[in-house]
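Okay, thanks for coming, everyone. Let me put the sequence and the model up on the screen, and then we'll walk through some contacts together.

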Amino acid sequence: MPSELHNLLLRAVSPFEKGVSALKLNALRGTSGNESRPNRTAAVLVPVLDKPEPEILLTVRSELLMQHPGQVSFPGGSVDRTDRSAVSTALREAREEIGLDFSQVSPLGFLDRLDTISDYRVLPVVGVVRPSFVWKPDLREVSEVFTIPLKIAVNYREYSHQEIIQDGKKIVISSLHWQGHKIWGITASILLNLGSRMESSSCETVTFNIHS
């Protein structure tokens, strides 16, 4: 039987069968009037641990990586030609980065797509993870794995928000500090998108309040 968390998230995400065309597209880059599609595609897994107090699992990227070393992120990466879908990409990357076996996660649906300053279009995949999961990070890619309560991670009021002008376009930078970690950029945007969707689906009335 699906857990309460499973049902709560299922009402917030976009079903896989609707595809990506039904998703909004958020831009995290200044475009200077150039609205062309990014050249690369990526998918990330948004892992939610199915605990009495649900938690979001996040990683800290290795300092050895060329792109965004040391930043907080979700497991994920570029779409491989052998991947059957974005879901396959997200699950494959989670297995490679933190040892998450396919049998330990139930993918539920998509969040809105994001275009990033690093020339990626990113598709987030939300999945419920068994609470017994013990992560085993690949230290070549991930230096640390940590969790944050779901109700904090998706709560807009827990973040600070700063407006900046980039290439003539106004961009809001949201950030959250949690136990020595700074959650910002695409990771913060994905979490706040999940929170917005949860609020829109009136899920905050079920058991726990995301704004408590």
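Start with the side chain of D115, which makes a polar contact with the side chain of R121 at 2.7 Å. By polar contact I mean a pair of N or O atoms within 3.5 Å; within protein, one must be able to donate a hydrogen and the other to accept it, and residues adjacent in sequence count only if both atoms are side-chain atoms. D115 belongs to strand β7, residues 113-115. Helices here are DSSP runs of H or I with at least four residues, strands are E runs with at least two, and both are numbered from the N terminus. Is D115 buried or exposed? With 6% relative accessibility, D115 counts as buried. The cut-offs are under 20% relative accessible area for buried, over 50% for exposed, and partly exposed in between, using a 1.4 Å probe and protein chains only.

Quick housekeeping: this is a predicted model, where local features need pLDDT of at least 70 and side-chain atom pairs count only at pLDDT 80 or more, while totals for chains, interfaces and linings use all residues. Residues are numbered from 1 along each chain as its sequence is written, and side-chain values use heavy atoms, with hydrogens and water left out.

The side chain of N155 reaches the backbone nitrogen of R157 at 3.0 Å. You'll find N155 in the loop between α3 (150-153) and β10 (160-166), and N155 counts as buried at 3% relative accessibility.

Now the strands. Strands of a sheet pair through backbone hydrogen bonds, either parallel or antiparallel. For us, two strands pair if DSSP finds at least two bridges between them. Have a look at β3, residues 55-61: 6 of its 7 residues are buried, so β3 is largely enclosed by the rest of the structure. Which strands does β3 pair with? One is β9 (residues 142-149), joined to β3 by 7 bridges and running antiparallel; there, L58 has F146 as its bridge partner. Another is β2 (residues 40-49), antiparallel to β3 with 2 bridges. A hairpin through 5 residues joins β2 to β3, and L49 stands opposite E55. Then there's β4 (residues 72-73), also antiparallel to β3 over 2 bridges, with T59 partnered by S73.

On to charges. Side chains of opposite charge can pair when their charged atoms come close. We call it a salt bridge if a side-chain nitrogen of Lys or Arg is within 4 Å of a carboxyl oxygen of Asp or Glu. How many salt bridges are there by this rule? The count comes to 7. R92 and D83 meet in one, at 2.9 Å from N to O, and both R92 and D83 are buried. E93 also forms a salt bridge with R92, with the closest N and O atoms 3.2 Å apart, and E93 is buried at 8%. Put together, D83, R92, E93 and E96 are linked in a network of salt bridges. Elsewhere, D138 and R140 form a salt bridge, their closest N and O atoms being 2.8 Å apart. D138 is buried at 17%, whereas R140 is exposed at 62%.

Last topic: rings. The structure holds 2 aromatic pairs. Rings of Phe, Tyr and Trp (its six-membered ring) pair if their centres lie within 6.5 Å; planes under 30 degrees apart count as stacked, over 60 as edge-to-face and the rest as tilted. The rings of F16 and F110 have centres 4.9 Å apart and planes at 80°, so that pair is edge-to-face. F16 lies in the loop between α1 (4-10) and β1 (25-27), and F110 in strand β6 (residues 105-110), so the pair ties together parts that are 94 residues apart in sequence. F16 is partly exposed at 27%, while F110 is buried at 6%.
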